[in-house]
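Biologist: I am new to this model and would like to go through it by question and answer. Please show me the sequence and the structure.

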Amino acid sequence: MSQSELSNLIWSVADLLRGDYRQSEYGRVILAFTVLRRLDCVLAPTKEAVLKEKGEKTAMGLNPDPFMRKASGASFYNASTLDLGRIIGDQDNIDTNLMTYIEAFSPEVRDIFERFNFAEAVDRLVKNKLLYMVTEKFAGFDLHPQRVTNSQMGLVFEELIRKFAEASNDTAGEHFTPREVIRLMVNLLFVEDDDILSKSGIVRTIYDPTAGTGGMLSVADEYLMEHNPNAALTMFGQELNDMSYAICKADMLIKGQNVINIKAGNTLSDDGHPDAKFDYMLSNPPFGVEWKKVQKEVWTCFTFVPVFCEQCSP
């Protein structure tokens with residue numbers, strides 16, 4: 001199945017939501033459940049090993065977190081005996097079990113679902129008698145890494161983000177920058193360093209202070225991989241909008257990036273990377289967004305020295 005076909009298949013869940021949800025709300029459900037299913041599939045092969053570490057280390061009085069993280073083979077884990085297959089097998093308790101499963105993820109993953117307002121989404125699906133049908137639908141999607149690589153899954157997720165942005169036309173600019181615009185920016189950013197970036201084993205860092213859903217970081221990574229598969233680009237970002245932040249962090253997690261580098265909050269008033277330095281930076285600032293509420297914090301970062309020209313001097 002092609003990436004386009006897979007993204008269309010996942011987006012078809014919108015057919016279940018139609019009538020009870022506005023079109024602009026489809027993505028909030030679909031993106032969150034896509035992330036959940038992908039993480040569910042990624043952790044499936046090592047689930048028993050993680051649970052074994054949890055039991056043994058807890059019995060020894062040790063913090064099981066680092067041991068479960070290592071046993072998972074990923075940068076995250078889930079400490080519950082549940083998975084989506086078991087959850088849909090208990091239809092009467094599906095909402096309780098689903099939230100128990102979410103709470104059993106490691107902190108960086110729980111943060112993503114909190115930003116998605118997943119608990120509220122589950123409550124609404126319950127009220128509309130859709131939770132079982134939606135969960136069952138996603139449990140049937142095969143998103144295991146053996147079938148869908150991190151790179152392929154990243155492209156599928158980006159296609160879903162695009163569909164969400166189009167459906168949320170009134171706020172599309174807050175979530176998504178057109179891919180062709182990003183490619184032009186990335187080409188201009190890297191063009192002067194082609195010789196350096198072509199060296200084997202080269203490692204570079206890139207930062208987007210208004211990361212949105214992470215599109216610029218992802219395209220920059222793709223560009224470098226296309227030109228030099230032996231290079232590595234470590235991505236850093238910060239995003240104010242909770243929904244965009246959740247999508248960005250989920251996308252980085254899906255692609256195997258270290259999500260600790262993606263920060264939430266206002267870059268102007270609460271810099272998430274205050275002491276860091278980066279090789280590259282690119283951004284699509286949120287033009288038109290009011291910033292007076294953080295104006296005081298911004299001005300205190302600067303020291304102004306009066307400068308007078310000869311004609312104006314007293």
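Biologist: In which helix is the place of Asp-40?

Modeller: Helices here are DSSP runs of H or I with at least four residues, strands are E runs of at least two, and both are numbered from the N terminus. This is a predicted model, in which local features need pLDDT of at least 70 and side-chain atom pairs pLDDT 80 or more, while totals for chains, interfaces and linings use all residues. Residues are numbered from 1 along each chain as its sequence is written, and side-chain values use heavy atoms, without hydrogens or water. By this numbering, residues 26–43 hold Asp-40 and form helix 3.

Biologist: Is Asp-40 buried or exposed?

Modeller: Buried means under 20% relative accessible area, exposed over 50%, and partly exposed in between, with a 1.4 Å probe and protein chains only. The relative accessible area of Asp-40 is 6%, so this residue is buried.

Biologist: Which residues is Asp-40 in contact with, leaving aside neighbours within four places in sequence?

Modeller: Contact means heavy atoms within 4.5 Å. With those neighbours set aside, the partners of Asp-40 are Asp-83, Leu-84 and Tyr-101.

Biologist: How many helices and strands are in the protein chain?

Modeller: The chain has 314 residues, of which 44% are buried. Its secondary structure comes to 17 helices and four strands.

Biologist: In what order do the four strands form the sheet?

Modeller: Two strands pair if DSSP finds at least two bridges between them. Strand 2 (residues 232–239) and strand 3 meet this with three bridges in the parallel sense. Strand 3 (262–264) and strand 4 (280–281) each have a single partner strand, so they stand at the edges. The sheet is open, its pairing is parallel, and its order is 3-2-1-4.

Biologist: Which residue of strand 3 stands opposite Gly-237?

Modeller: Strand 2 and strand 3 pair in the parallel sense. Opposite Gly-237, the residue in strand 3 is Ile-262.

Biologist: Which helix packs on the sheet, touching strand 1, strand 2 and strand 3?

Modeller: Axes are lines fitted to C-alpha atoms, for helices over the stretch in contact, and angles run from 0 to 180 degrees between N-to-C directions. The direction of this helix makes about 170 degrees with that of strand 2. Residues 215–227 form the helix, and strand 1 covers 203–208. The element asked for is helix 15.

Biologist: How many Å apart in space are Cys-248 and Ile-262, C-alpha to C-alpha?

Modeller: Cys-248 is in helix 16 (residues 242–254), and at 1% relative accessibility it counts as buried. Its contacts beyond four places in sequence include Gly-212 and Ile-262. Cys-248 and Ile-262 are 14 residues apart in sequence, and their C-alpha separation is 7.9 Å.

Biologist: What is the phi of Asn-117, which is not a glycine?

Modeller: Asn-117 sits in the loop between helix 8 (107–115) and helix 9 (118–127). Its relative accessibility is 40%, so it counts as partly exposed. The phi of Asn-117 is positive, at about 55 degrees.

Biologist: Is Lys-129 buried or exposed?

Modeller: Lys-129 lies in the loop between helix 9 and helix 10 (131–139). Its phi is positive too, near 55 degrees. With a relative accessible area of 72%, Lys-129 is exposed.
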